[in-house]
Amino acid sequence: MQYSWFNRNLKWIYTLPAVIFVLLMMLFPIIYTFRISFYEWSMSATTPPLFVGLSNYIALFKDERFWHATGSTFYFTIMALGLEVILGIAIALLLSREFKGKNIVKTVFLLPMVATPVAMGLVWMLIYEPTIGVANMMLKSMGLQPLLWLASPNQVIPSLVIVDVWQWTPMIALIIMAGLATLPTDPYEAADVDGATAWRKFVSITLPLLKPTIIVAAMLRLIDVLKTFDIIYATTQGGPNFASETLNLYGYVLGFQYFKLGMASSLLVIFFALVMGLTLFMIWMRKRLEGTSS
Amino acid sequence: MKPKKGLRFIQMLLTFLVLIAFGFPFVWMLLASFKTQSQILSTGDMFIFKPTFHNYVSVFKEYDFLKFIWNSFLVAAGSTLLSLVLGLPAAYAIARHHLHKLGLLILVARIIPGITFLIPWFILFSKIHLVDTYTALILSHMLVGLPFIIWIMISFFEALPTEIEESGLIDGCTHHQVFLRIILPISGPGVITASLLSFIFSWNNFMFSVILAGDKTKTLPIAVFNFMSYSEINWGALMAAACIITLPVLIIALVSQRYVVSGLSAGAVKG
């Protein structure tokens with residue numbers, strides 16, 4: 001068969017535009033951010049960027065607000081991820097059985113994931129409003145003390161965790177439901193013969209078989225929880241008194257409110273390294289676990 | 001295996017609770033959008049009240065909401081279309097020629113915090129006068145849409161049997177013609193899934209637009225957010241705006257539920 005030049009090089013003609021686009025839009029900014037992190041620059045036309053070596057990084061390490069943001073990022077991530085995984089597994093088990101109206105429940109369950117985060121942030125602000133919010137009305141009707149929710153430095157992160165759990169537990173549950181559908185039936189039949197309880201079957205059969213699926217779901221969520229921006233920015237903008245300021249938000253504030261582009265860039269380099277590092281660690285864990293289980 | 005009656009009752013109760021918990025914020029948003037400010041501020045009847053359309057009327061009359069809807073639509077549709085043009089051939093070549101390293105490079109875009117791109121983009125786009133243009137917004141939103149489309153389509157194309165292509169080649173088609181005339185037409189479900197999710201992600205995007213959009217190109221999330229920064233929050237209008245922005249994606253999700261679920265979980269499990 002006689003092939004034209006076009007058809008001989010088809011696989012590169014097909015892939016190159018996408019690859020070039022991604023490299024231009026992604027790789028260039030990363031390299032640029034890395035470079036700028038060694039400069040002091042406020043984007044003013046009169047003062048050019050000034051090379052300052054590592055001083056942006058040193059300044060960050062001496063900056064209390066940076067350490068606070070790092071702490072908040074981990075606090076938020078660990079709480080949200082933990083709750084989402086546990087609730088996700090529980091809800092997946094609950095919804096995977098057959099019952100009337102299953103499709104309606106699954107559809108409602110899907111909506112938080114696709115709903116616009118900024119709009120949802122506003123709705124949760126109304127729900128959490130200390131005097132008129134329905135959250136406090138429910139607490140009062142149960143005879144409990146009303147809370148300040150987003151307005152209190154101590155309660156703001158747990159309140160935001162609830163929003164994240166509301167929005168993203170469905171994703172973990174959906175992935176686990178897909179995993180549950182592919183589980184083999186023989187181990188369960190054998191367990192029934194042995195007269196195992198439902199809890200025992202869950203612990204010794206379902207959970208071990210689901211482990212790879214759970215890890216994948218948790219990994220995807222970890223990557224995104226670390227980067228949470230929309231909900232926090234739309235509801236508290238990092239407040240009250242910086243209590244809910246995560247690394248993502250502090251980077252944004254440094255860059256686009258204070259115009260400390262160099263320092264913002266060095267924070268973003270650290271943040272980038274953190275997300276990449278944790279992702280690679282999770283991939284390594286998954287490989288190791290899969291290696292031992294098979 | 002028959003679960004006992006008591007157990008089934010508890011399961012039903014729990015399912016009902018899940019339904020309430022995850023559906024409630026939507027119900028609350030919808031209800032509040034039809035309430036007057038004083039109805040929202042009073043703690044009296046929360047579910048029974050005389051609905052008013054005033055909030056919706058004021059959102060469209062006093063603020064330029066039609067324009068924001070148009071901006072959002074243009075950016076979401078534009079970035080999805082361009083991502084399809086770049087992404088479909090790339091995903092096909094990656095799937096058929098096992099170029100998985102290349103695929104991985106593109107997927108890294110999903111892992112990297114989006115905010116890392118923002119400062120360089122802002123500087124670059126300012127220099128070439130692209131801030132506050134649809135071009136800048138579409139390009140930035142493509143970095144979310146393109147990896148997702150490629151991700152979903154790689155697994156879709158890999159699942160297609162290779163015999164389809166072989167028969168096309170025997171009939172005298174070139175590889176390019178096979179892709180355009182045979183593969184693409186039968187890939188409808190995959191393309192729909194990928195396009196819907198790309199559209200939704202762009203429609204919802206806040207972080208890129210808040211920096212790169214300006215007065216002319218302001219998208220809905222930014223408009224709704226700016227709405228809030230008045231001395232006293234007008235909750236009714238705010239909830240009406242929230243309903244307007246959420247409604248299109250909820251309708252898309254409800255109508256194409258099957259596609260959206262398969263897209264969200266396919267992308268996840270294969271990753």
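**Exercise 1. A loop residue in chain B**

Task: Locate B:Asp132 in this predicted model. Is B:Asp132 buried or exposed? What is its phi?

Solution. 
Step 1. Find the place. B:Asp132 sits in the loop between helix H6 (115–127) and H7 of chain B.
Step 2. Check the accessibility. The relative accessible area of B:Asp132 is 15%. Buried means under 20%, so B:Asp132 counts as buried.
Step 3. Read the backbone angle. Phi of B:Asp132 is near 65 degrees, a positive value in a residue other than glycine.
Step 4. Most residues other than glycine have a negative phi.

**Exercise 2. The loop between H11 and H12 of chain A**

Task: Where is A:Thr246? What kind of peptide bond joins A:Gly239 and A:Pro240? Which residues does A:Thr246 touch?

Solution. 
Step 1. Place the residues. A:Thr246 lies in the loop between helix H11 (230–235) and helix H12 (247–256) of chain A.
Step 2. Look at the peptide bond. The bond from A:Gly239 to A:Pro240 is cis, with omega about -10 degrees. Most peptide bonds are trans.
Step 3. Turn to A:Phe242. Its phi is near 65 degrees, which is positive in a residue other than glycine. Its relative accessibility is 37%.
Step 4. Finish with A:Thr246. Its relative accessible area is 4%, so A:Thr246 is buried. Leaving out residues up to four places away in sequence, A:Thr246 touches A:Ala69, A:Ser72, A:Thr73, A:Thr228 and A:Ile232.

**Exercise 3. A serine and a tryptophan**

Task: Which helix holds B:Ser140? Which residues are in contact with B:Trp121?

Solution. 
Step 1. B:Ser140 lies in helix H7 (residues 134–159) of chain B.
Step 2. Its relative accessibility is 0%, so B:Ser140 is buried.
Step 3. List its contacts beyond four places in sequence. B:Ser140 touches A:Met25, B:Trp121, B:Phe208 and B:Leu212.
Step 4. Now do this for B:Trp121. Leaving aside neighbours within four places, B:Trp121 is in contact with A:Met25, A:Pro29, B:Ser126, B:Ser140, B:Leu143, B:Phe208 and B:Leu212.
Step 5. Widen the view. The largest nonpolar core has 194 residues. B:Phe65, B:Trp121, B:Ile150, B:Phe157 and B:Met239 touch the most other members. Helix H8 (residues 156–181) of chain A gives the largest share of this core, 16 residues.

**Exercise 4. Where the chains meet**

Task: How many residues does each chain bring to the contact? Which residues form the salt bridge?

Solution. 
Step 1. Count the residues. Chain B brings 91 and chain A brings 89.
Step 2. Give the area. About 8100 Å² is buried between the chains, and carbon and sulfur atoms give 82% of this.
Step 3. Look for charge pairs. The interface has 1 salt bridge. B:Arg110 pairs with A:Asp224, and the closest N and O atoms are 3.5 Å apart.
Step 4. Describe the side of chain B that touches chain A. Its largest share, 15 residues, comes from helix H1 (residues 5–33) of chain B. By class, this side has 74 nonpolar, 16 polar and 1 charged residues.

**Exercise 5. Chain B as a whole**

Task: How many helices and strands are there in chain B?

Solution. 
Step 1. Chain B has 14 helices and 0 strands.
Step 2. Of its 271 residues, 55% are buried.
Step 3. The C-alpha trace spans about 75 × 70 × 30 Å along its principal axes.

Terms used: Residues numbered from 1 in each chain as written. Chains lettered and ligands numbered in written order. Predicted model: local features only at pLDDT ≥ 70, side-chain atom pairs only at ≥ 80, totals over all residues. Heavy atoms only, no water. Contact = heavy atoms within 4.5 Å. Buried area = accessible area lost by both parts, 1.4 Å probe. Salt bridge = Lys/Arg side-chain N within 4 Å of Asp/Glu carboxyl O. Helix = DSSP H or I, 4+ residues; strand = E, 2+ residues; numbered from the N terminus. Nonpolar A, V, L, I, M, F, W, Y, C, P; charged D, E, K, R; others polar. Core = buried A, V, L, I, M, F, W, Y, C linked by side-chain atoms within 4.5 Å. Buried < 20%, exposed > 50% of the residue type's maximum accessible area, 1.4 Å probe, protein only.
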